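I opened this notebook to record what I looked up in the structure shown below. The entries follow the order of my reading.

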Amino acid sequence: MEIKGELTLRKRQVLIFFVLLGLSQAGPESVQYSVAEETEVGSFVANLARDLGLGVEELSSRETRVVSDDNEKHLHLDLLTGDLLLNKKLDREELCGSTEPCVLHFQMVLENPLQFFRAELYVKDVNDHSPTFLDKQILIKISESTITGTTFLLESAQDLDVGTNSLQNYTISPNSHFYIKIRSDGKIYPELVLDRELDHEEEPELTLTLTALDGGSPPRSGTTLVLIKVLDINDNAPEFAQSLYEVHVLEDTPVGSWIITIFANDLDAGNYGKISYTFLYASEDIRKTFEINPISGEVHLRSCLDFEVIQFYTISIQATDGGGLSEECTLLVKVIDINDNPPEVTISSFTKSIPENASETLVALFSVRDQDSGDNGRMVCSIQDELPFFLKPTFKNFFTLVSEKALDRETRSEYNITITVSDLGTPRLQTQHTITVTVSDVNDNAPAFSQTTYTLRVRENNSPALHIGTVSATDRDAGANAQVTYSLLPPRDPQLPLASLVSINADNGQLFALRSLDYEALQAFEVRVGAADRGSPALSSQALVRVLVLDDNDNAPFVLYPLQNGSAPCTELVPRAAEAGYLVTKVVAVDGDSGQNAWLSFQLLKATEPGLFGVWAHNGEVRTARLLSERDAVRHRLLVLVKDNGEPPLSASVTLHVLLVDGFSQPYLPLPDVAAAEARADPLTVYLVIALASVSSLFLCSALAFVAVRLCRRSGAASGGGCAVPEGHFPGHLVDVSGAGTLSQSYQYEVCLTGGTGTSEFKFLKPIIPSLPVPATGRHTGENENFRNSFGFNIQ
């Protein structure tokens, strides 16, 4: 189909080139043919291929057509044989009337290359009409005083045939008074000649038969009766003022309009002076078109005039007096043409679709005609100015419509071309013929994405094959040239496992996540998407897609300190002398999520003694809520909840063990089961424990004394007085409490009593590395803080 379309395009382009060559070959002389009227349809007229000097194959390949001037298909060209055949029966009288010779003009149009031949078809007459009289009876009044040799004009017969087949002779039935004399002035008219005088008293009326004969073989005839009334003497015939009357009448004159008044004068008086007017030798066309008042001689229009059918009428008018004498004159009615026929447009060939990249292509071949005459029949042809097409005159009234440049279907895919043909009459008449030309598409536009960069967001832990977004590209072409196919292009990062992350629907550009994504592993990645059309050759473009993985609250808080690993829990020591707000310990936790999903808050869920301890919600610091008293229990168990700010929130819990101490002996008193074990232990172990306890007690007493002195100095400085310390009595608190309730040097006291071994291990006064400086910030999940707390130290 594409090859055939290209061949057709080349043929159209070659046709333009050979237009001028065809004009030069169309000589001034015409080819002439003849055919008898009433010949059967399909009858052979001539062999057009032989006459034109062309082969039969050439007639078909060049798309030869026969175009008549009157747009009637009288002839048919057989492209297989080259014969010119009759397409319909021809009636010479209908085609040409009385005009002789009867010639039909037509052209032979050959395309590829364009060439014209003029031709004429002569329609020969056959004797297919008999002479006829319009009146069945002719009345003639003749005075008895009429001398012999007087002639009387008779109504002539009408014969539509021409030449030898037309009317040739008249005869009259045998009688003793009259004979027929033939008068010819281009037409044959019968005259009745008086051969012997009439006698009204002897024979007042005569009835004769007038016969009209044509020259056909065999001849045809027609008859009418001639009634002769013999009148008394009337010696004055009517006289017209002039023998020829001429009048001009517009063809659009309304029916019934007055045309002219004919007047004749008779010097006789009485009945012999009364004149009646009649049409003489009037054809059927005249009688249908005009009428005359027999009394007044006024001529009126009986039916519409048509200049294109008859341009003038010659009417013989007879004036007859009451005595039977008559005289004749001629009325010449000339029909004036008006502009009443709009131009006609006939399309000979038409190309409905042309490719958008083709330049100067033949679109249509057409001819124009106007049946009016003069300026009314002269025409101008045009199309709209803004269209990329132009008209080129070729031969006679033929025009070609040609595209002037390559078109752009994406700018305009269809053109409605209105061919306007206007005559130069007044008022001007015009005819418009609209043809629609479509512009076929070629692949000259690449697909275009709606965005150069797309940003898609998908929440982690998505289900596989989840639709995460759509890219869209459009192509301004049509058909297969506009069908877009999407694909994933190789990523810029060769380490990105693109094939396992996303896929794209090749038809609609929908992107799908192939597997569940993890924000903590991959926060974002980029994908290049290509869009290609299905043209030949295919055109393509590409766009960048950024996929952002949104965090989901899928990680619960993790407690770094104190560790909850199932080993022996560590106990936090709090001196009973601690003031309200004393920092007991700090719960350190982290969250693997980000944003508000990683914002942690702390809450004390359960405590052995509610109201004694409190947890700061934002930093996890566990502090005393009030002063301690002797009535408070020694051991306390705190359950702290760590919760993130996700939706829904996730949490973790941690258990803290707190031991209230006055000194360092009380916490290490053996538990009931431990004491029983020690009673059964080896005495040497008991001695060792007692010795170690004595040494430790001595050291503690020294430390407590030092602390007591410091406290007294501080309290004395605050109150403006001193503080007396009784001898042999130490304050109940163990450490130096500053304004913040913390030690200047951090120490951790662990008392771990292990049962079941028969011996007890005693860890005492184990100093820790100096406290690390901590920035004073409100964030409880800072990286530095998490790093320091990850060592398991009690950071003050």
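**Entry 1: a salt bridge between Glu191 and Arg183**

I began with a charged pair in this predicted model. Glu191 forms a salt bridge with Arg183, and their closest N and O atoms lie 3.6 Å apart.

**Entry 2: other salt bridges**

How many salt bridges does a search of the whole structure find? I noted 16. In general, side chains of opposite charge can pair when their charged atoms come close.

I looked up Glu40 next. Glu40 forms a salt bridge with Lys89, with 3.3 Å between the closest N and O atoms. This pair links distant parts of the chain, as the two residues are 49 residues apart. Glu40 sits in the loop between β1 (31–36) and β2 (44–47), and Lys89 in the loop between β5 (83–86) and α5 (92–96). Both ends are partly exposed: Glu40 has a relative accessible area of 47%, and Lys89 has one of 43%.

I then turned to Glu621 and Arg623. Their side chains meet in a salt bridge at 2.7 Å, N to O. I recorded both Glu621 and Arg623 as buried.

Which residues are linked in a network of salt bridges? I found Asp135, Glu155 and Arg287 joined in this way.

**Entry 3: cysteines**

I counted 1 disulfide in the model. It is formed by Cys96 and Cys102, whose sulfur atoms are 1.9 Å apart. The torsion about the S-S bond of Cys96 and Cys102 is about 65°, and therefore the disulfide is right-handed. Cys96 is buried, with a relative accessible area of 17%. Cys102 is also buried, at 1% relative accessibility.

I also looked up two further cysteines. Cys304 counts as exposed at 58% relative accessibility, while Cys329 counts as buried at 1%.

**Entry 4: the second largest pocket**

Rolling a probe the size of a water molecule over the atoms shows where empty space is left.

The second largest pocket has a volume of about 1000 Å³. Its lining comprises 40 residues, and those closest to its centre are Leu139, Thr278, Gln318, Thr320 and Ser326. I listed the elements that give two or more residues to this lining: β8 (137–143), β9 (151–153), β19 (276–280), β20 (290–292), β22 (312–320) and β23 (326–336).

Which element gives the most to the lining of the second largest pocket? I noted β8, with 7 residues. By class, I recorded 15 nonpolar, 14 polar and 11 charged residues in the lining.

**Entry 5: the whole protein**

I closed with totals. The protein has 10 helices and 51 strands. Of its 796 residues, 41% count as buried. Among the contacts in the protein with a separation of 6 or more, 69% are between residues 24 or more positions apart.

Terms used
Residues numbered from 1 in each chain as written. Predicted model: local features only at pLDDT ≥ 70, side-chain atom pairs only at ≥ 80, totals over all residues. Heavy atoms only, no water. 1 Å grid on protein atoms, 1.4 Å probe; cavity = no way out; pocket = protein on both sides within 12 Å on 5 of 7 lines; lining within 4 Å. Points joined across faces, edges and corners; volume = space filled by probe spheres on them. Helix = DSSP H or I, 4+ residues; strand = E, 2+ residues; numbered from the N terminus. Nonpolar A, V, L, I, M, F, W, Y, C, P; charged D, E, K, R; others polar. Salt bridge = Lys/Arg side-chain N within 4 Å of Asp/Glu carboxyl O. Buried < 20%, exposed > 50% of the residue type's maximum accessible area, 1.4 Å probe, protein only. Disulfide = S-S within 2.5 Å. Contact = heavy atoms within 4.5 Å.
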